[in-house]
Amino acid sequence: MPLGLGRRKKAPPLVENEEAEPGRGGLGEEEPGPLVGGGVGRPQMGLPPPPPALRPRLVFHTQLAHGSPTGRIEGFTNVKELYGKIAEAFRLPTAEVMFCTLNTHKVDMDKLLGGQIGLEDFIFAHVKGQRKEVEVFKSEDALGLTITDNGAGYAFIKRIKEGSVIDHIHVISVGDMIEAINGQSLLGCRHYEVARLLKELPRGRTFTLKLTEPRKAFDMISQRSAGGRPGSGPQLGTGRGTLRLRSQGPATVEDLPSAFEEKAIEKVDDLLESYMGIRDTELAATMVELGKDKRNPDELAEALDERLGDFAFPDEFVFDVWGAIGDAKVGRY
C-alpha cells in the first residue's frame, strides 16, 4: 500500500547496508538541562519539577580503557557533557575522547555507550591513539563497513563484514575513527553522512582513508574484532534503571526497557543497518517511541518526518519499521 502521502521530504536513493552505522550514540546536538528523575517518585502531571536539591544525584565510576585510576563523574545531561566530565576527571582535552563502552575496557561494539546508561554501569572511555593513512582500492560497490558515531562529531567503524574489501586490509580495525576521505575532513559529520560518502565513491578507483585508532591496553594489542554480531541486540544497561540521554531536553532516569521495547529497538536497529548501513540504538529507541502508539504507517511516516526529517527515510523503510514494531508488540520475535 502507498504510504507517506503528503510527506514533506522526498527520500534519496537507499544507502547500502554495509556502508554506515547509532552510536550511539546518535545524539547529535544537545540542549543542556538538569537531570530529572523518572519512574518511582516521578512528579505528578501538572506539578513543577522538584528543586535541584531533591533531584537524584547520579554518580558514575569511570576509567580510561587503556588503563587509569578510577574517576567519579556526575552532572552531565548529554553525551557531549559526559565526554567533557571524563576529560575533566583525567585532565585530558575533551577532543581526545573517542567513545565509551559499558562494563568492559575492550573495543566491544555490543557494549558501546549509546543513549542509555544503566545506573550501575561502569564507564570505560576510549581515547585517541595511533593515526594512520590507508589507500583502499574499491573493487566492489560495498566496502563491508558499518559506521556509527559517538554523538559528538566523530564517526567510526562499528563492524567489518567478513570477506569484504575492508576485511582484507588488516590495518583497518573496528573502533577506528574516520577522520577524512580523500582529504575531506569528516569531523562533525553524522554516521549516515559518512556512509553516503563511502557509498558514492566510484568503483574501480583508489581512495584514501585517514583513521585514528583507540589507544589500546597491553592485553588488547593485536586484537581485530569484527564488531558486534548482527542480532546480538543493544545493551541498554544492567543496573536498577537507566539514565536516558536525549538529543533534546533533559536526561531522565527511567525503568529498564520492557521486553517489547527491547526487541523492537533491536529489530529497528537491524533495519537501520540493512537500509542505511548505520547502527544507532538511541535513534532506534526514538523511532520505537514515536511509532508504538501510531495506528498506521502513514501516521508513523508523519511523526518521523516531523521529529527526524533530516534522515528523509524512504517509504519502504518506514513500512518495515511499522511492521517490526507491530511484530514486537504481539511477540513475533
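Select helices α3 and α6: they pack at an angle of about 155 degrees, with their axes 9 Å apart. That angle makes α3 roughly antiparallel to α6. Angles under 35 degrees count as roughly parallel, over 145 as roughly antiparallel, 65 to 115 as roughly perpendicular and the rest as oblique. The axes are lines fitted to C-alpha atoms, for helices over the stretch in contact, and the angles run from 0 to 180 degrees between N-to-C directions. Helices here are DSSP runs (H or I, at least four residues), as are strands (E, at least two), and both are numbered from the N terminus.

This is a predicted model, in which local features need pLDDT of at least 70 and side-chain atom pairs count only at pLDDT 80 or more, while totals for chains, interfaces and linings use all residues. Residues are numbered from 1 along each chain as its sequence is written, and side-chain values use heavy atoms, with hydrogens and water left out.

**The α3 and α6 contact**

Stay with this pair of helices. The crossing of α3 past α6 is right-handed; a crossing is left-handed if the near helix is turned anticlockwise from the far one by less than a right angle, and right-handed if clockwise. On the α3 side, show Phe-260, Lys-263, Ala-264, Lys-267, Val-268, Leu-271, Leu-272 and Tyr-275. On the α6 side, show Glu-316, Phe-317, Asp-320, Val-321, Ala-324, Ile-325, Asp-327, Ala-328 and Lys-329. Contact means heavy atoms within 4.5 Å. By class, the residues of this contact are 11 nonpolar, no polar and 6 charged. Ala, Val, Leu, Ile, Met, Phe, Trp, Tyr, Cys and Pro count as nonpolar, Asp, Glu, Lys and Arg as charged, and the others, Gly among them, as polar.

**Aromatic rings**

Next, colour the aromatic side chains; the structure holds 7 aromatic pairs. Zoom in on Tyr-275 and Phe-317, whose ring centres are 5.3 Å apart and whose planes stand at 70 degrees, so the pair is edge-to-face. Rings of Phe, Tyr and Trp (its six-membered ring) pair if their centres lie within 6.5 Å; planes under 30 degrees apart count as stacked, over 60 as edge-to-face and the rest as tilted. Tyr-275 lies in α3 (residues 259-276) and Phe-317 in α6 (residues 315-329), so the pair ties together parts that are 42 residues apart in sequence. Tyr-275 counts as buried at 14% relative accessibility, and Phe-317 is buried at 0%. Buried means under 20% relative accessible area, exposed over 50%, and partly exposed in between (1.4 Å probe, protein chains only).

**Two other helices against α6**

Keep α6 on screen and bring in α5 (297-308). These helices pack at an angle of about 115 degrees, with their axes 9 Å apart, and are therefore roughly perpendicular to each other. Pro-297, Leu-300, Ala-301 and Leu-304 of α5 meet Val-318, Phe-319, Val-321 and Trp-322 of α6. The contact of α5 with α6 has 8 nonpolar, no polar and no charged residues.

Now select α4 (residues 281-291), whose axis comes within 10 Å of that of α6 and crosses it at roughly 75 degrees. That makes α4 roughly perpendicular to α6. Here Met-287, Val-288 and Gly-291 of α4 touch Phe-317, Val-321, Trp-322 and Ile-325 of α6. This contact of α4 with α6 divides into 6 nonpolar, 1 polar and no charged residues.

**Positive phi angles**

Most residues other than glycine have a negative phi. Select Ala-312, in the loop between α5 and α6: its phi is positive, about 50 degrees, although Ala-312 is not a glycine. Ala-312 is buried, with a relative accessible area of 12%. Then go to Asn-103, in the loop between β3 (97-102) and β4 (116-118). Asn-103 has a positive phi near 65 degrees and is partly exposed at 38% relative accessibility.

Select Ile-157 in strand β7 (residues 155-160). Ile-157 is buried at 0% relative accessibility. Its C-alpha atom is separated by 5.2 Å from that of Gly-175, 18 residues apart along the chain. Leaving aside neighbours within four places in sequence, Ile-157 has contacts that include Met-109, Leu-145, Ile-172 and Ile-178.

Finish at Arg-131 in strand β5 (residues 123-137), which is partly exposed with a relative accessible area of 45%. Not counting residues up to four places away in sequence, Arg-131 touches Glu-179, Leu-211 and Thr-212. Arg-131 and Pro-214 are 83 residues apart in sequence and 9.2 Å apart in space, C-alpha to C-alpha.
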